[in-house]
Amino acid sequence: MSRLVVVSNRVNAPERPGDAPAGGLAVALSAALREYSGFWFGWSGETTDQPSDKIQIRRVNDVTVMTVDLEDADYQEYYNGYANATLWPLFHDRIDLTAYDRSFSEGYERVNRRFAEILAPLLQPDDLIWVHDYHLIPLGRELRRLGVGNPIGFFLHIPWPAPQILTTLPGHRQLVESLFAYDLVGFQTDEWLWAFESYVLGEAAGGWESDGRLRAFGRSLTARVFPIGLDVEDFQTLAASPMARRAYDRMAAHTVFRNLIVGVDRLDYSKGLEERLLGFERFLRDNPDLRREILYLQVAPTSRGEVEAYQDLRMRIDALCGRINGLYAEVDSAPIRYVNRGYRRDELAGIYRAARVGLVTPLRDGMNLVAKEYVAAQDPENPGVLVLSRFAGAARQMPDAVIINPYSREEVSEGLKIALSMPLVERIRRWRRLMDGVETSNVKVWRDSFVEALRASREPDLPFGDRLRERDPGSATAAFADVSPGGVRQAQFRAEWPTGPAA
Ligand code: ADQ
């Protein structure tokens with residue numbers, strides 16, 4: 001059986017089962033790698049002032065990891081620069097925060113080239129190579145330049161922007177062209193896939209091959225949707241652990257006669273924390289009778305703290321929490337508890353379970369695993385309600401959440417009211433359907449369908465219908481992919497988009 005070689009910017013497999021991960025990507029990948037032979041390659045998270053090609057090899061929680069350090073300049077230009085100050089804001093529709101510095105893009109190209117040079121000699125001829133996320137878009141092209149002929153796939157964990165946003169990036173064409181070095185490119189939802197196809201068809205004069213592959217720049221690739229999911233069993237084991245139980249008991253003791261509303265996010269502007277707080281303030285204003293009956297807990301550890309936009313955001317969140325608590329606190333209670341640190345996953349599971357409402361309101365999010373974790377942690381006999389932004393990729397798979405527009409304070413406020421007053425029968429009915437989706441579209445389905453598609457992406461004789469039928473595993477849109485690639489998917493995207501606060 002071929003080995004699976006996973007490449008991502010950070011290689012941070014949780015050392016022990018309950019450890020706090022550095023993000024959704026780490027959670028998903030360590031679960032995926034445990035069952036395949038192969039290794040996980042990427043940045044160690046350390047920087048040096050000397051160039052070094054030394055590879056550190058470790059075995060972490062049944063996964064072989066190979067890491068390299070970054071030089072200080074690379075860290076600034078590639079990681080803090082092009083990845084997190086250019087591509088991240090741009091791909092989350094924040095052109096106002098996007099830094100267009102040329103030196104950043106040079107650092108980005110340099111690190112991708114260096115990763116390819118270190119990785120190429122480690123590869124065997126039948127390895128499947130799976131590259132992850134926006135930090136490493138040009139890696140496939142660099143590997144091809146070095147003569148690597150293996151199947152190489154790329155998965156984007158974050159949204160793909162609309163063409164009118166992407167084209168503000170100098171070098172957008174080279175970026176998209178470099179994706180055509182891959183055999184398979186995966187997206188979280190059909191909205192991001194459709195945006196990518198629109199660019200290729202409209203800006204790069206691309207077209208469709210007869211087998212459904214997308215053609216441009218003299219090459220073709222398979223582009224498909226692979227919605228990421230949870231390692232459900234693992235998460236439920238954590239949720240049943242003594243640590244989770246203790247966290248649950250602690251929260252329950254703190255919220256006697258009160259309902260807990262919980263938000264868990266990296267401190268990132270894409271997560272809509274400011275808008276959420278303002279929506280919560282509106283809720284407090286409009287519902288004086290409920291003020292003493294709720295506690296909103298926001299867990300938000302600092303993330304990318306060296307990037308200016310993140311420092312500004314942190315100050316604004318601190319100020320907003322202080323202002324709202326100042327306005328609405330009583331001598332014996334305050335409506336918001338804001339915690340600026342991460343928690344172990346088992347503790348988080350207990351906190352989720354104690355919360356009557358999970359408040360997940362990103363302005364833009366590739367998927368959002370917190371929404372799925374909240375659902376997976378609930379007590380089936382007394383589940384809480386998920387209030388979910390329509391702009392999270394997860395909204396497309398979770399229509400039984402209370403879906404809201406996070407920009408609208410009224411909708412956040414109304415969504416909270418609907419969730420807090422929902423009768424038990426309705427909560428159970430919605431939770432059951434959400435949980436079925438979380439169980440069906442889990443991380444193993446995501447991994448296996450991507451790996452299978454990567455294998456198949458090198459079999460040009462696969463009949464057209466079979467290829468298209470494979471398009472959207474685990475997604476409600478699968479049935480529609482059988483017709484013609486472009487037009488139908490566009491119509492489907494419009495029809496599926498959730499509207500208004502769904503009661
Ligand atoms: P993230 O932007 O990191 O991931 P998300 O999908 O919500 O967002 O994953 C966050 C993960 O980090 C969850 O597993 C959560 O439990 C954990 N986490 C968050 N806050 C935490 C805290 N305070 N303490 C401990 N753990 C915390 C990116 C994309 C997403 C996409 C994932 C996976 O931005 O859209 O869903 O990758 O593809």
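**R3 and its surroundings**

I started with R3 and listed what R3 is in contact with, skipping neighbours within four places in sequence: S37, G38, F39, L122, L123, Q124, D126, D127 and L128. I'm working from a predicted model here. R3 sits in the segment before β1, the strand that covers 4–10. Then I asked myself: is R3 buried or exposed? The relative accessible area of R3 is 19%, and the cut-off for buried is under 20%, so R3 counts as buried. I also looked for a polar partner and found D127: the side chains of R3 and D127 are joined by a polar contact of 2.7 Å. D127 is also in the contact list I wrote down for R3.

**N325 in α11**

Next I went to N325, which belongs to helix α11, residues 308–328. I put its relative accessible area down as 17%. That is under the 20% cut-off, so N325 goes into my notes as buried. Which residues does N325 touch, once those up to four places away in sequence are left out? I got A334, P335 and I336.

**S413 in α14**

S413 was my next stop, in helix α14, which runs over residues 409–420. I have S413 as buried, because its relative accessibility is 5% and buried means under 20%. Not counting residues up to four places away in sequence, I noted that S413 touches G279, R282, F283, D286 and N287. How far apart are the C-alpha atoms of S413 and F280? I read off 6.0 Å, for two residues that are 133 apart along the chain.

**The ligand**

Then I turned to the ligand. I counted 26 residues around the ligand, and the ones that come nearest are H157, Y343, D365, L369 and E373. Sorting the shell by residue type gave me twelve nonpolar, seven polar and seven charged.

For D365, a polar side-chain atom lies 2.5 Å from a ligand oxygen. For E373, an N or O atom of the side chain is also at 2.5 Å from an oxygen atom of the ligand. How much of the ligand does the protein bury? On its own the ligand exposes 710 Å², and 96% of that is buried by the protein.

Where does the shell come from? I found helices that each supply at least two of its residues: α1 (24–33), α12 (345–354) and α13 (369–376). By domain, the shell draws at least three residues from domain 1 (4–228 + 446–496) and at least three from domain 2 (232–441).

**The whole chain**

Last, I wrote down the overall figures. I count 18 helices and 16 strands in the protein chain. Of its 503 residues, 61% are buried; R3, N325 and S413 are among them. For contacts between residues at least 6 apart in sequence, I have 77% joining residues at least 24 apart. The accessible surface of the chain comes to about 19,400 Å², and carbon and sulfur atoms hold 50% of that.

Technical notes
Residues are numbered from 1 along each chain as its sequence is written. This is a predicted model: local features need pLDDT of at least 70, side-chain atom pairs count only at pLDDT 80 or more; totals for chains, interfaces and linings use all residues. Side-chain values use heavy atoms; hydrogens and water are left out. A residue is near a molecule or strand if one of its heavy atoms lies within 4 Å of it. A polar contact is a pair of N or O atoms within 3.5 Å; within protein, one must be able to donate a hydrogen and the other to accept it, and residues adjacent in sequence count only if both atoms are side-chain atoms. Accessible areas come from the Shrake-Rupley method with a 1.4 Å probe; for residues, only the protein chains shown count as cover. Helices (H or I, at least four residues) and strands (E, at least two) are DSSP runs, numbered from the N terminus. Ala, Val, Leu, Ile, Met, Phe, Trp, Tyr, Cys and Pro count as nonpolar, Asp, Glu, Lys and Arg as charged, and the others, Gly among them, as polar. Domain bounds come from an automatic or database domain assignment. Buried means under 20% relative accessible area, exposed over 50%, partly exposed in between (1.4 Å probe, protein chains only). Contact means heavy atoms within 4.5 Å.
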